[in-house]
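Let's take a walk through this model together. Have the sequence and the 3D view open, and follow along.

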Amino acid sequence: MKLENISAVVTGAASGLGHATAVALAAKGVQVVGLDLNIDEAPVVDGITYVATDVTDEAQVRNAVTAATELAPLGVVVNCAGIGPSARILGRKGIHDLALYAKIVQVNLVGTFTVLAVASEAMAANEPDEFGQRGVVVNTASIAAYDGQVGQAAYSSSKGGVVGLTLPAARDLAQYGIRVNTIAPGIVETPMLATVSDEFRAGLAAGVPFPQRLARPEEFAQLAIFLAEHDYMNGEVVRMDGALRMAPR
């Protein structure tokens, strides 16, 4: 897909993976609508319009998608919004908080599906390009979908759902000329790691075969743009992890 004269929706755009992706798309001339729960401190960037959005709320998602289509035809969606609290299934205080489990799945999986579904409806109304293509969606899973660690039952479940969604979504939307791919990142240097010590980060990096460092948000953005621009990438889940396979803990 050519990233020309189109708009994009990026969730989780106020920081981390989503912000890096929104910036990269805007740098290519795409009119980006960035969705996040809290946009008060979102960095001001030319080409990015922020809309406060709960990705699990259909009405709010529709409002954000409409904001994008008013700028230009919606051609790209990148789902980065997510949460990752950890808890063991059975611990000293009893079983995993069931409401917390449901919330993680609701945000990470149901939120991803809600944005994908609402955005695909808007994309389906686009004029197709010469190859019949109308849009592309890039979702975010995690290597935890495959290598979930102790305490990641809820997070791994939600991200495993995103992996499982990828192929049927691509098949469902093929008739409309909409591609769907997913990135499964490893350990990325995001604000979630900002509170840990340098020694702890170094320990995480040491476990990565090569390159022996944490991934950068800009590398995620680069891959998301590659998947958007490569017309034959469809229904794929791409690990971005430096060949890391997570240990049990």
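A word on exposure comes first: buried means under 20% relative accessible area, exposed means over 50%, and partly exposed is in between (1.4 Å probe, protein chains only). What you're looking at is a predicted model, where local features need pLDDT of at least 70, side-chain atom pairs count only at pLDDT 80 or more, and totals for chains, interfaces and linings use all residues. Residues are numbered from 1 along each chain as its sequence is written, and side-chain values use heavy atoms, with hydrogens and water left out.

Let's start with the sheet. Helices (H or I, at least four residues) and strands (E, at least two) are DSSP runs, numbered from the N terminus. Two strands pair if DSSP finds at least two bridges between them. Here, seven strands make an open sheet in the order 3-2-1-4-7-8-9, and their pairing is parallel. Strand 3 (48-52) and strand 9 (237-240) sit at the edges with a single partner strand each, so one side of each has no neighbour in the sheet. On average, neighbouring strands of this sheet are turned by 20 degrees against each other, direction ignored.

For a look at one pair, find strand 1 (residues 7-11) and strand 2 (residues 31-36): they run parallel, joined by five bridges. Val10 is opposite Gly34 in strand 2.

Now for the helices. Axes are lines fitted to C-alpha atoms, for helices over the stretch in contact (heavy atoms within 4.5 Å), and angles run from 0 to 180 degrees between N-to-C directions. Helix 3 (residues 98-123) lies across strands 1, 4, 7 and 8, at about 170 degrees to strand 4. Helix 5 (residues 153-173) lies across strands 7, 8 and 9, and its angle to strand 8 is about 160 degrees.

Next, the charged side chains. Side chains of opposite charge can pair when their charged atoms come close. A salt bridge is a side-chain nitrogen of Lys or Arg within 4 Å of a carboxyl oxygen of Asp or Glu, and the whole structure has nine of them. One of these joins Glu58 to Arg62, with the closest N and O atoms 3.0 Å apart. Both residues lie in helix 2 (residues 58-69), four residues apart, or about one turn of the helix. Glu58 is partly exposed at 45%, and Arg62 is partly exposed at 35%.

Arg245 and Asp241 form another salt bridge, at 3.2 Å. Arg245 is exposed at 51%, whereas Asp241 is buried at 11%. These two belong to a network of salt bridges that also links Asp147 and Arg239.
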